[in-house]
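Please look over the model below before reading the points. My notes cover domains, pockets and helix packing.

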Amino acid sequence: MTDPTVLRSAIGRYPHSAPVLDGQVTSLLLRLEDARIKPVSRAFAPMVREGRFEVSEMAIATFLMAKAAGKPLVLLPVVMAARFQEAALLCRADSPVAGPIDLAGRRLGVRAYSQTTGMWLRGCLLEEFGLRPSDLHWVTFEDAHLAEYRDPPWAERAPAGSDMMAMLEKGALDAVIVGNDVPEDPKLRTVFPDPVAAGEAFRARYGFKPVNHLLVMRGDVVARRPDLAAELVRLFRDAPMTGHAALDPALLLASRFCAEQQLLPAPLTLEEIWEGLPAGIG
């Protein structure tokens, strides 16, 4: 019997991924040799820029930007992480900002303009409150994972060595967008008065929970071994969302939001997004 093919991977640990990474869920075709990068977002830039891994978790905005730039990545119909975003938009507890509409003309900090949480929240600010990205002054702290990308003119880079939360505390920023780990600090509060209700309103409007991270493979690996792509989808069948029917609405909305925010030159079609995925998967 042929030994399983070993794939170098960078995948976060979740209830649906830990059994695969720990070998509790096994395959006769493949075995993952995971880089154990924490946080897993640190794997996105080397995957996009140099194809360091054969399979990798990846932020949806990063993937769409990479695909539009012609990077040889193939999306698998597997969502690794999805969540409502509204609780990640914070201001000081004593801030005059009473709600999202009050952000017009204010300074908003975000790790990178291309950060997926920022992409979803900017989309909501436009769709629900009429605030275009250029109506706010964006302050960023690092580059996009895609090396070729340049921030739009309404974003500026914070001085080197700046700390986003310290800038918020001192009043140099009016609000910030954090990531998955929202700080518990009595000096802070959410810009959305009821972030849970706002998240449910998003789901009622669009029919899904916003997708943060997907699963991608290097195109050369998929072309050489399409059976491995199908097997990975099988292994992660307990992921929060799987299959084209579940993912397509989120992919199309994210692509439109990215284009409106100048993360993409134009929205991608589903054919462009799924280019390279062998027929019959998902």
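The points below go from the domains to the pockets and then to the helix contacts.

1. Basis. This is a predicted model, in which local features need pLDDT of at least 70, side-chain atom pairs count only at pLDDT 80 or more, and totals for chains, interfaces and linings use all residues. Residues are numbered from 1 along each chain as its sequence is written, and side-chain values use heavy atoms, with hydrogens and water left out.

2. Domains. The protein splits into domain 1 (5-83 + 209-274) and domain 2 (86-206). These bounds come from an automatic or database domain assignment. The domain centres, taken over C-alpha atoms, are 25 Å apart. Domain 1 puts 28 residues into the contact and domain 2 puts in 27 residues. Contact here means heavy atoms within 4.5 Å.

3. Largest pocket. Where does the largest pocket lie? Domain 1 and domain 2 both give residues to its lining, so the pocket lies between them. It holds about 1,000 Å³ of space. A pocket is an open set of points on a 1 Å grid over the protein atoms alone, where a 1.4 Å probe fits, with protein on both sides within 12 Å along at least five of seven lines. Lining residues have an atom within 4 Å of a point. The volume is the space filled by probe spheres set on the points, which are joined across faces, edges and corners.

4. Its lining. The largest pocket has 37 lining residues, and Pro39, Val40, Ser41, Asn180 and His213 lie nearest its centre. β4 (73-82), α4 and β11 (211-218) each give two or more residues to this lining. By class, the lining has 16 nonpolar, 12 polar and nine charged residues. Ala, Val, Leu, Ile, Met, Phe, Trp, Tyr, Cys and Pro count as nonpolar, Asp, Glu, Lys and Arg as charged, and the others, Gly among them, as polar. Helices (H or I, at least four residues) and strands (E, at least two) are DSSP runs, numbered from the N terminus.

5. Second largest pocket. About 170 Å³ of space lies here. Its lining includes Arg92, Asp94, Met165, Leu168 and Lys187. Helix α5 (residues 164-170) supplies the largest share, three residues. The lining has five nonpolar, no polar and five charged residues.

6. α4 on α9. The axes of helix α4 (residues 116-129) and helix α9 (residues 244-260) come within 9 Å and cross at roughly 80 degrees. That makes α4 roughly perpendicular to α9, a label for angles of 65 to 115 degrees. Axes are lines fitted to C-alpha atoms over the stretch in contact, and angles run from 0 to 180 degrees between N-to-C directions. Among the contact residues are Met119, Trp120 and Cys124 of α4 and Leu253, Arg256 and Phe257 of α9. The contact has nine nonpolar, one polar and three charged residues.

7. α4 on α6. Helix α6 (residues 195-206) packs with α4 at an angle of about 75 degrees, with the axes 12 Å apart. α4 is thus roughly perpendicular to α6. Trp120, Cys124, Glu127 and Glu128 of α4 meet Phe202, Arg205 and Tyr206 of α6. Four residues are nonpolar, none polar and three charged.

8. α3 on α9. Helix α3 (residues 60-68) packs with α9 at about 70 degrees, with the axes 10 Å apart. This pair is also roughly perpendicular. Ile60, Ala61 and Leu64 of α3 face Ala250, Leu251, Ala254, Ser255 and Cys258 of α9 in the contact. How do these residues divide by class, and how many are charged? Seven are nonpolar, one is polar and none is charged.

Technical notes. Angles under 35 degrees count as roughly parallel, over 145 as roughly antiparallel, 65 to 115 as roughly perpendicular and the rest as oblique.
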